[in-house]
Amino acid sequence: MKNKVIYVLIFAFLVFVSFYYGGLIKKNVLVVNDYVIKSAYDFKDFVSEKISIHFNQIEQIENLKEKNEKLESLGMLVGTLSNEINRLLEDKNSTHFLPNVSLARVISYVQMNDYTKVWLDGTKSTPNKNKGLLYQGYSVGILIDKDARPMALLQGDEKCIFSVYIGDNKAPGFIQGHNGKIMVKYIPRWASFKVGDEILTSGLDNIFFAGVPVGVVTRVVDEDIYLSAEVKPYAQLNIPAYVYVIDRL
């Protein structure tokens with residue numbers, strides 16, 4: 001009998017609490033529930049936004065990279081156009097100027113102990129035909145055919161040779177690697193040039209078009225029969241990831 005009374009009192013107490021405080025408890029539960037749901041949605045929106053930003057950045061980077069490559073290629077052509085126009089003004093019979101430049105990727109060294117020779121991908125070599133290589137608007141070497149594969153000889157290699165002009169007086173010579181340095185060789189003794197003069201490709205070897213910047217003269221060397229000039233190249237780099245190939249002049 002005593003236990004039944006206790007159960008009745010407990011039941012009555014619960015009814016009383018439910019009647020007077022049920023609304024407050026329900027309200028607090030709903031507040032917690034709303035907070036959890038809102039937090040879940042906020043987290044979902046945050047993750048979605050971050051994912052969207054990430055993929056948008058990738059797409060934007062690719063678009064900017066493609067535009068940069070096009071602008072870099074156009075910049076190189078525009079940089080040499082003024083030189084060609086001057087030649088057209090001097091010689092009305094000058095041939096049509098329409099070079100073709102394409103992008104190639106450096107994939108590996110030819111030999112691990114030689115940093116001036118690398119294999120290229122994305123371009124083709126032509127037997128007995130050397131092609132000029134450009135990087136950031138500057139000359140960086142030449143492409144040759146090696147075992148039916150395109151191989152790049154970077155400036156500084158002894159077999160990387162192309163013709164250049166030095167200074168305003170256009171002293172002629174040939175770029176060539178020598179003992180780890182970049183030199184202009186076979187400059188006539190009568191040629192007038194000095195330290196600080198700019199070196200540009202001459203375009204006379206059909207490897208580069210005229211007017212591509214190479215570097216500046218840092219030292220003049222008397223070789224008895226001819227003069228030489230030590231060069232500080234504009235393209236200060238080890239191995240570029242990509243280079244431009246002059247496919248057709």
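Student: Is strand β6 (residues 162-166) buried or exposed?
Tutor: Strand β6 is largely enclosed by the rest of the structure, because 4 of its 5 residues are buried. Buried means under 20% relative accessible area, with exposed over 50% and partly exposed in between (1.4 Å probe, protein chains only). Strands are DSSP runs (E, at least two residues), numbered from the N terminus.

Student: What should I know about the source?
Tutor: This is a predicted model, in which local features need pLDDT of at least 70, side-chain atom pairs count only at pLDDT 80 or more, and totals for chains, interfaces and linings use all residues. Residues are numbered from 1 along each chain as its sequence is written, and side-chain values use heavy atoms, leaving out hydrogens and water.

Student: In what sense do β6 and β7 pair?
Tutor: Strand β6 pairs with β7 (residues 171-178) in the antiparallel sense, over 5 bridges; pairing requires at least two DSSP bridges between two strands. Ser-163 stands opposite Phe-174 in β7.

Student: And which residue is the bridge partner of Val-164 in β9?
Tutor: That is Thr-201. Strands β6 and β9 (residues 198-201) are antiparallel, with 3 bridges.

Student: How many strands close into the barrel?
Tutor: The barrel has 6 strands, in the order β6-β7-β8-β11-β10-β9, with antiparallel pairing.
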